[in-house]
Amino acid sequence: MTELREMMETMCECAECYEEEGYQPPHMIIYLDEGEERSMAAEYVTEIMEDCGIREFGGLEHCLEYTIHGTLEELNRIACDIRRKAVYVNEFEGVVAFEGLEKISGHRDECQYDRFLEIAKEVGREATLLFFTQVDPDRNTLVLLDRLKETLGDVVNVYADEETCDRLWMEDLTYDG
């Protein structure tokens, strides 16, 4: 997780660029096996971005988390929920975390695969997206991750582990801007 911490420190050092120049922080693919640590990592990223002014937060909620099970109906519900959470603005501004990419990646020739990429593109215009995947993803998931990179453009890979995830909340990351 030091990689995530280092990335967030770098973003905090450049917070003025995000705040004053209007740059958007990159979307992230976070390699971390399933568990509570994923939620902790999403909350950590959100908290740092908020505290340092790295991104705009326009709604009542700053971080949305979704577990994908792979159906088209579910993806449409997720898209509606994200739009609904954009209370004060037209599009949700904040952090949106997705897990369960392994479930959607096996449906490459089906509508839900393309719908997921459309949702990522739409939501990713105004929100920072976090995509959680296994440390050692299968071939189909790797193909989906490549497609996400093509679709979104500015996506970084972050490798994490559970032990350092547990320490995130014990370490303070401050910004004196």
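**Helix α6, from residue 111 to residue 124.** This helix has 14 residues and reaches 20 Å from its first C-alpha to its last, close to the expected 20 Å. The expected span is 1.5 Å times one less than the number of residues. Helices are DSSP runs of H or I with at least four residues, strands are runs of E with at least two, and both are numbered from the N terminus. The model is predicted: local features need pLDDT of at least 70, side-chain atom pairs count only at pLDDT 80 or more, and totals for chains, interfaces and linings use all residues. Residues are numbered from 1 along each chain as its sequence is written, and side-chain values use heavy atoms, without hydrogens and water.

**Buried residues of α6.** Q112, Y113, R115, F116, L117, I119, A120, V123 and G124 are buried (under 20% relative accessible area, with a 1.4 Å probe and protein chains only). The buried residues of α6 pack against several elements, among them β1 (27-31), α4 (72-84) and α7 (139-152).

**The largest cavity.** About 40 Å³ of space lies in this cavity. A cavity is a set of points, on a 1 Å grid over the protein atoms alone, where a 1.4 Å probe fits but cannot get out; lining residues have an atom within 4 Å of a point. A volume is the space filled by probe spheres set on the points, which are joined across faces, edges and corners. The lining consists of I82, R83, E91, F92, E122, V123 and E126. Both α4 and α6 supply at least two lining residues each.

Conventions. Buried means under 20% relative accessible area, exposed over 50%, partly exposed in between (1.4 Å probe, protein chains only). Contact means heavy atoms within 4.5 Å. On a 1 Å grid over the protein atoms alone, a cavity is a set of points where a 1.4 Å probe fits but cannot get out, and a pocket is an open set with protein on both sides within 12 Å along at least five of seven lines; lining residues have an atom within 4 Å of a point.
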